[in-house]
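Welcome, and thank you for taking a look at this one with me. Please open the model and keep it beside you while you read.

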Amino acid sequence: QHSGSEITWEVPRFDGWYNSLGNPRRGAVGSHLVRLIPAHYWDGVYQPVLEPLQPNPRRLSRLLTEGPSGLPSTRNQTVLSLFFGYHVAFEIFDSRTPGCPPEFMNIQVPEGDPIFDPTATGKVLLPFQRGQRDKESGQSPSNPRIQVNSVTAWIDGSSIYGPSSSWSDSLRSFSGGLLTSGSEWNMPSEEGARNLMWSAPDPSTGDHGAQGLFELGNAWANENVFTAAEGIIWFRYHNYVAVELHKEHPEWSDEKLFQHARKMVVATFQSIALYEWLPGFLRGNKLPPYPGYQKFVDPGISPEFQAAAIRFGVTMAPPGVYMRNQTCHFRKIVNIDGSISPAMRLCHSFWKRQRLNVKTGQDVDDLLMGMASQVAEREDSIVVEDLRDYMYGPLRFTRTDLVAVTIQRGRDFGLQSYNNMRKALDLPPVSTFEEINPDLSRTNPQLLRSVSELHDGDVSRLELFPGGLLESTDGPGPVFSAIILDQFERIRNGDRFWFENKQNGLFTDEEIQVIRSITYHDVLIAVTSAESADVQKNVFFWRDGDPCPQPTQLNASLLQPCTNATKLNYFDGSRAGYSIFIITLLLFPVLSYLVACMVAFLRRHRYRKFQRRKVKAGDRAEEPAVGSTAYEWQGHKNQLQPVSVEVEKRRLQVFDRSGPSHRCLNLGYQDNIDVLLSNDRYHKALLLKVPKEYDLVLFFDDVSKRTEFVRHLRLEVADIGQEIRVKEMSEKELLKEALTKQERAQIVETFIRHAFSKVLEIEKCDAGDLSGVSRKRAREVLQCELTASEFADALCLKPDSLFVDSMFTLADKDGNGYLSFQEFLDVIVIFMKGSPEEKSKLMFSMNDIGGTGYLSKEEFARMLRSFIELSNSALSKKQAEDGIKAMMQAAGFDNKEQISWADFHFLLKDHEKELQFAQLNVKGVEKQEKKRLSQYQRVSFICPANSTNRTDGLELRRRKKVSVKTPNVYVKPKREQYIRNPIRQKVQQFKRFVENYRRHIISFIIVYGITAGVTVERCYYYAVQAGATGMPETSVVGIIVARGSAAAISFLFPYMLLTVCRNLITLCRETFLSRYVPFDAAIDFHRFMAMTAIILSVAHSLGHVVNVFVFSISDLSILSCLFPKVLSNNGAEIPPKWYWWFFQTVPGVTGVLLLFTFAFMYVFASRYFRRISFRGFWITHYLYVVVYILTVIHGSFALLQEPRFHIYLIPPALLFLLDKLISLSRKKVEIPVVRAELLPSGVTHLEFKRPQGFVYRSGQWVRIACLMLGTDEYHPFTLTSAPHEETLSLHIRAVGPWTNRLRELYTEENYLEFGAYPKLYLDGPFGEGHQEWVDFEVSVLVGGGIGVTPFASILKDLVFKSSVKSKFLCKKVYFIWVTRTQRQFEWVSDIIREVEEMDTEELVSVHTYITQVAEKFDLRTTMLYVCERHFQKVWNRSLFTGLRSVTHFGRPPFVSFFSSLQEVHPEVGKIGVFSCGPPGLTKNVEKACQQMNKRDQAHFIHHYENF
Amino acid sequence: YDDIYPFYPSQRTSFIFSGRLLTIILVFLVLTVSLLLILPGIRGRTRLFWMFRIITSLFIGVVLVVLNYTNSWAEARMTTNATYKSFSNAVINAEVGLHVGLYGINVTLRGTPMVQFNETINYNEMFSWHDTIEEEYKEALERGLPNPILYIAEKFTLSSPCGLIFQYRYSGRFASATLWTAFCCWVLANILFSMPVILYAGYMMMATAAFIFFSMVSFSTIMNVPRCVFSIGTDSFVTEFSHSFWLALATGVLCAIIGILVVAFNFLM
Ligand SMILES: Cc1cc2nc3c(=O)[nH]c(=O)nc-3n(C[C@H](O)[C@H](O)[C@H](O)COP(=O)(O)OP(=O)(O)OC[C@H]3O[C@@H](n4cnc5c(N)ncnc54)[C@H](O)[C@@H]3O)c2cc1C
Ligand SMILES: NC(=O)C1=CN([C@@H]2O[C@H](COP(=O)(O)OP(=O)(O)OC[C@H]3O[C@@H](n4cnc5c(N)ncnc54)[C@H](OP(=O)(O)O)[C@@H]3O)[C@@H](O)[C@H]2O)C=CC1
Ligand code: HEM
Ligand code: HEM
Ligand SMILES: [Ca+2]
Ligand SMILES: [Ca+2]
Ligand code: NA
Ligand code: NA
């Protein structure tokens, strides 16, 4: 409703813009200083002229300005005048804020300076930082450095309302046009929360922070109490005017009141400053009358004015300031130490938060009245010690020399010399120092002389400020006066809003007159409690007769002495914390290691419990079958096993609760039975002594059951005329008495060793020492007799096999059901030492059950069956029967009813040699035997050439066709030319290495080249190009290391994702790309890159540890230059503490978290823990998501530079995501299992539907999750089906928790129960290195243990392809299957058999190595050879494995095998070797390949995969 | 030509309608149209379902992108009598608006009526705080923008005691980052919707919603700064959340509902 004409004049802006019509920027905040004469820089551009070209500022300062305090101003200028002037200075310029990047021009204190360097260290520096300048200037000589002004040059109230509209807003209360007051209505607010006010720390107390500082328009108002008081006057005056206006115009809005008051206040200030204060200050030098607004005048502050002329005031500063009340009572001042002084000491009033003496509004009044009464120091060259020696400095060094600093500031600003200034001002230049001030050269010639000396008598070197001080008489001399007048004149004349300018519509003529008539006295009276008569009319002078004369001219000795400089290292007190922090960082991996160990322990523990539970679960399944129930104790370490015991017909049987008998004791052979009963602990234990076996220890549920059992036993035993001898003892003793299964096993082992040591004349000590054993035990050993099962066990055979049965019956001459030492000895003597005849005789009689001297047809068949049974169920029953029949026919036995020993021996005669060496294979004897046997019996088809002379070597079977070829195939390798020169050897080796790993090397170089590139780019940038930021100067090494490594990390982490894009890799390896990129080494690359990145992360962190240290010892002014977006310089000096950087900044917090994450990822990813707890590895590895998120956030704060990590991340992340999506698109399709088979040795065979469109190559693998075992735990398995097959199949060996549980799930019972097998999730196929066999003419496939799985598929595929005659390179494939026992992977035999059947081309040559019967040539095997030969004639396959393949015993000798391959296929240049199995195996193959590759023949290119 | 040169009007104000916004909306419109073109090939009731699906999805997508560039996350406006320009004591009646986006602010000044003192008073000035708003403010001073605009822009400079910029810059930056993340989630969700198991699409929609909400949370931290007075003439204004913010909320809720429905549907089946 207020009309637009409310404010009728143009309201001036707060920032000075658009004041000047000619150039809207003039006089505005941020405008340049305006030089009166050109700059004088050492390099003509920006470098200051320093020592030795100019005298040391401190030395000059002491020389020039030392002198007694207490000399009064010659013209009685008051202290109020001085501080008013100081305030005016703040009104028109502020260039104190240090510039960015920080530049230092510290002042060297002359050695032995009494104040700063009393101990004459010569190392003291007074800190000095160069001021703000225009960034564009100072680059070249025509635009030398020029400083900028951060307030308006106009006298427009910027020291009252602040230099910007938001500053003013923050001071306003927005009601009644008032400025916000604080605790008292007449005091400004002290909130301090806002960042307006310069808040340097208190040099004497170290107080810092914004609390207790007044909020005023002048940022530096709190520098000392006196300046603050000046500010408070104007703050009050504004509110005074506003209140008056409000009274007058109650309808005015806040805005209108405010602007009116502001207009009035500023005009008053202008009037007083220029027309009342300035003439007084300049000894009556008056400005010319106001000529009206001059639009082309630039009010810009001249550096000469700012850095020299106006600083003339320092000489007038008193050592302290009086306070008085209206009644002329001069107040006693309480010092900080509680002492009393007559005045407030200047050096103790800098940056005070707790103003002891100026707390209330009244105190300010008292201070102002004191200042009005006090006469300032004389206008001479002397400066009081408060400013000369005890000026406040930064906390690093809390005192400084204002005069020295002023001199230095002049050099910073590039001021010309005193004489040049004179010339510029049209004053005659001086030629001698005396000419500067003739008066002074009379009164104090010494001063001029010594100043002259300091300048080597060269007056042209004298700088402006010292020159100006020297020329002063009763006030600023001609030079300073001219400069000051010029400055104020320009400010006045160029100001469009000058109160006298009638064109601006601010004031009417009358109003101008009124304003002209307002004096500072009037202002003071208006805003303080003083009445008009309490203060003299001209407050800038104290004349005789004015009220309240000062008690005495203050001098320093009347006051509390100034305190000396103190030093503060910002890092003090942080050392311990910082060290602890760094140590904690280093402890992260240790912590992670401990956790990993705990996980490993828990896992083992839980797995064991799981296995036990499995056992128990089985137990509980069924009720005890018969007899009494009890628990069997089998040793202290074992758990009690629930059993049921039955005594019946001389036999005591112990059943598992689930049914099967697990122990059967024959009670008939003994005279009396010893039973021990416990007589304490509830009388539950019973021990039944079983003389030749381990004892039966039972725990019953209670005594009654035990008694019942004993009674029953007694009854049964009585039937066969035996007696029970019962003894009672404590349970502990009873258990001690018991012979446990384990102890028995030890005894048996010793027994067998002794038996062999007898036969083989092995030294006794090797056989197991008996000396350490108790007499009783030793006797036991000798009395020991073996049970049938122990005997079977010793022969590594099943106890219920026919072979064992016949053998045992034969050996057990006395028929007591046990083998005594002698009986056992008798058998093995024959086997170990006997002639072939003896051996065959033994075999014969073993099977001659009736002892008739003839084997009936049945008996012979039985014998054969027993052998076949020993091998495996490779043959069906019918096949076996047919085979036996055929064999007997072949041997010409078919028409004989009975077979004599002669016939039998004839059959074996062909194999006399084998029989010669045939021995019983007994556990524990292998070691001693090996050496002896191996020289004859190293089994290999690559035997030395002469071995072919012997009967077919030791091959179990050779195909006819092969045998024809054999002689020219297995020739003895010729001695190759051996390179003797070691250097050439190395070169050769290196050449081969490069040849084999070309692609790896190139990829490696590319990846690491890029890494190095991005690293170097950043290092270079921060080392060389980033000078303008000031960063390198601050922490050069730290920043280079940190940024360089960050760049490398930014590349490595994202691009690492590509190495785990399994689907994309599988796709790409089919393309031409695989010729250049070794896709199979992806995971190796992954590891390399990850390790590099983690190491670099640590380096990066260490770099930042250094940086943070440097930052926390750097001044805030430096940091605010480096981090303008985070820290702003408010003079607080004290940098953030180290923990701020680490715990309160985004990069810090995320960095620490990242380190923590890496510690876990790293430890759990180690080979060791991955093996122990894959789950742990996988779960911790998923922290990679966290890593990427944290790293993106880490950089997002843009502390040092704009973030880049996400830019690196996006491309690979998209590809990775795509890869994951491909997986996801099929992973969650439920796939039914069509067949599951539990194969022996813990292998589960799963056959499941092939999903639509599932295309794969042989040797590829898939990842499956079983729905019943958790939908997100995927395990990799190789497909064992061939690509052309309808269904997919896997063979999964139970090695750990998951695979074991899987095996439990896919049982027949479960199938019946649920009607279907649990379903699967399938992910894949993924490619591995075994697909390349097609690229080689000759390939060697080596599969160890479960590592044969890929080959199952490959072989099937291979043969299939060859059978359909598809074109491919492959000519010959050697498949080497290494397994512990042939039983371990019977299913492989099936596959090989299948392959053999299909392989009409003789493409595949299969060799089986059975390692656990290592180099043992036992009777059994011998017999099998013999049988097999006959068997072969009919069935053309091995009786042993049921295969046509060649079986060997022992580990394959890869080197000789490979070298023979070179002989066999001399035309082939490259041979592919693919191995898969335990690491040891693949390592051996790798070594063999390397050894071969050192020779300059066919390459063996090895691909391997570890399971 | 007829010897008469055409009149080349120079654009006075830097901002009319963001070209970027226009492009985004056009791109999405084209997408929608082309997708809708396949609709006739779909039979029966699924056609409706698909139309609904396409439109909803593209709506979410376009919103997620557009929100990054809109300037109406928070707004403040008032009609006031304000000094208008330098070298004149004219006071105009105008609507002053502050429009906060994620990368900067727009300040509008529109005279009521638009033409006063023969001058068209209609300004819309963009200040982005991406690099240094200080520079932009200086430029604005040099261009001599109307007082109210300078007044508001000054509040967002580093040296302003309000300290708004410190909070606004990070709030906006993180809000925008999370919004882009939400956009990625949306893209993923769309891919996942075309997979056999749409459960993950449901989760992804929920993630989209979550990131939209994070973005809102991040943006709303601007309200934590101690209130800074915006006072022009006799009036003052306060910023409040505006269209974009509420649009984000609505989209977030929509995504959340879709996500929850899909997941629930999946579990019920
Ligand atoms: C490419 C590849 C193909 C494989 N093919 C077959 C195969 O055809 N038949 C077969 O029986 N086994 C195969 N394995 C091994 C099989 O994956 C592990 O034996 C099985 O995952 C063990 O799981 P667990 O929890 O029962 O045993 P754990 O006791 O947890 O682990 C035993 C060993 O298997 C490794 N392992 C465990 N979980 C994983 C996993 N998710 N991914 C990779 N390694 C794991 C562990 O490092 C540890 O060394 C293959 C492994 C790989 C890498
Ligand atoms: N290796 C380990 O410590 C353990 C491994 N596993 C897991 O079991 C699986 C592998 O078991 P499995 O398949 O039964 O493998 P095996 O350990 O049974 O080894 C398979 C065959 O390779 C032979 N072999 C081993 N090392 C060499 C070598 N350096 N040179 C020549 N031949 C060698 C073995 O001979 P020989 O009998 O002479 O050793 C054996 O015949 C893997 O999943 C593995 O993670 C589980 C527990 C422990
Ligand atoms: C410390 C060294 C590291 C080692 C030894 C290591 C090893 C591995 C291994 C063996 C795999 C499994 C590959 C497979 O089964 O297909 C893997 C997968 C992966 N690793 Fe690492 N890794 C390491 C560090 C890292 C780091 C630091 C990151 C990321 C920040 C990372 C990200 C991944 C990813 C994304 C996968 C794929 C996971 C998946 O398929 O779901 N790895 N790593
Ligand atoms: C306590 C330890 C750490 C500290 C104090 C720290 C500090 C920093 C700082 C101050 C920056 C500059 C960010 C900016 O300009 O805003 C940075 C960048 C970076 N840091 Fe760290 N960091 C630490 C640990 C780590 C770790 C463990 C990693 C590993 C991933 C890492 C990776 C990075 C990356 C990749 C960048 C560049 C970010 C980008 O350009 O987007 N930092 N770090
Ligand atoms: Ca000019
Ligand atoms: Ca003096
Ligand atoms: Na000013
Ligand atoms: Na016995």
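1. A word on the model before anything else: what you have on screen is predicted. Please keep that in mind as you read the distances and areas in these points.

2. Let us start where the two chains meet. On one side 42 residues of chain A make contact, and they meet 39 residues of chain B. Together the chains bury about 3300 Å², and carbon and sulfur atoms supply 61% of that area. On the chain A side, the residues that lose the most area to chain B are A:Tyr18, A:Lys1125 and A:Leu1221, which together make up 19% of what that side buries.

3. What kinds of pairs hold polar atoms together across this interface? There are 15 residue pairs in polar contact between chain A and chain B, counting those with both residues at pLDDT 80 or more. Two helices of chain A, H4 (165–171) and H46 (1205–1227), are the elements giving two or more residues to the side that touches chain B. Of these, H4(A) gives the most, with 5 residues. Sorted by class, that side of chain A holds 18 nonpolar, 12 polar and 12 charged residues.

4. The rule also finds 3 salt bridges between chain A and chain B. One pair to look up is A:Glu1202 with B:Arg173, whose closest N and O atoms are 3.2 Å apart. A:Glu1202 has a partner within its own chain too: its side chain meets that of A:Lys1125 in a salt bridge of 3.8 Å, N to O. A:Glu1202 sits in the loop between helix H45 (1184–1196) and H46, and A:Lys1125 in the loop between helix H40 (1116–1122) and helix H41 (1138–1143), so this pair ties together parts of chain A that are 77 residues apart in sequence. With a relative accessible area of 32%, A:Glu1202 is partly exposed.

5. A:Asp380 is buried at 15% relative accessible area, and A:Ile382 is buried with a value of 15%.

6. Over all chains, the structure has 54 salt bridges. In one of them A:Arg26 pairs with A:Asp298, with the closest N and O atoms 3.7 Å apart. A:Arg26 lies in the segment before helix H1 (57–65) and A:Asp298 in the loop between helix H6 (254–281) and helix H7 (303–307), so the bridge ties together parts of chain A that are 272 residues apart in sequence. A:Arg26 is buried at 17% relative accessibility, whereas A:Asp298 is partly exposed at 25%.

7. Chain A also has a salt-bridge network, which links A:Arg58, A:Arg62, A:Glu66, A:Asp113, A:Arg388, A:Asp389 and A:Asp401. Within it, the side chains of A:Arg62 and A:Glu66 meet at 3.6 Å, N to O. A:Arg62 is partly exposed at 24% relative accessibility, and A:Glu66 is partly exposed at 38%.

8. Last, a stop in chain B. B:Thr181 belongs to helix H5 (residues 164–193) and is partly exposed, with a relative accessible area of 30%. A polar atom of the B:Thr181 side chain lies 2.7 Å from the backbone oxygen of B:Ala177.

Notes
Residues numbered from 1 in each chain as written. Chains lettered and ligands numbered in written order. Predicted model: local features only at pLDDT ≥ 70, side-chain atom pairs only at ≥ 80, totals over all residues. Heavy atoms only, no water. Contact = heavy atoms within 4.5 Å. Buried area = accessible area lost by both parts, 1.4 Å probe. Salt bridge = Lys/Arg side-chain N within 4 Å of Asp/Glu carboxyl O. Polar contact = N/O pair within 3.5 Å; in protein donor to acceptor, adjacent residues only side chain to side chain. Helix = DSSP H or I, 4+ residues; strand = E, 2+ residues; numbered from the N terminus. Nonpolar A, V, L, I, M, F, W, Y, C, P; charged D, E, K, R; others polar. Buried < 20%, exposed > 50% of the residue type's maximum accessible area, 1.4 Å probe, protein only.
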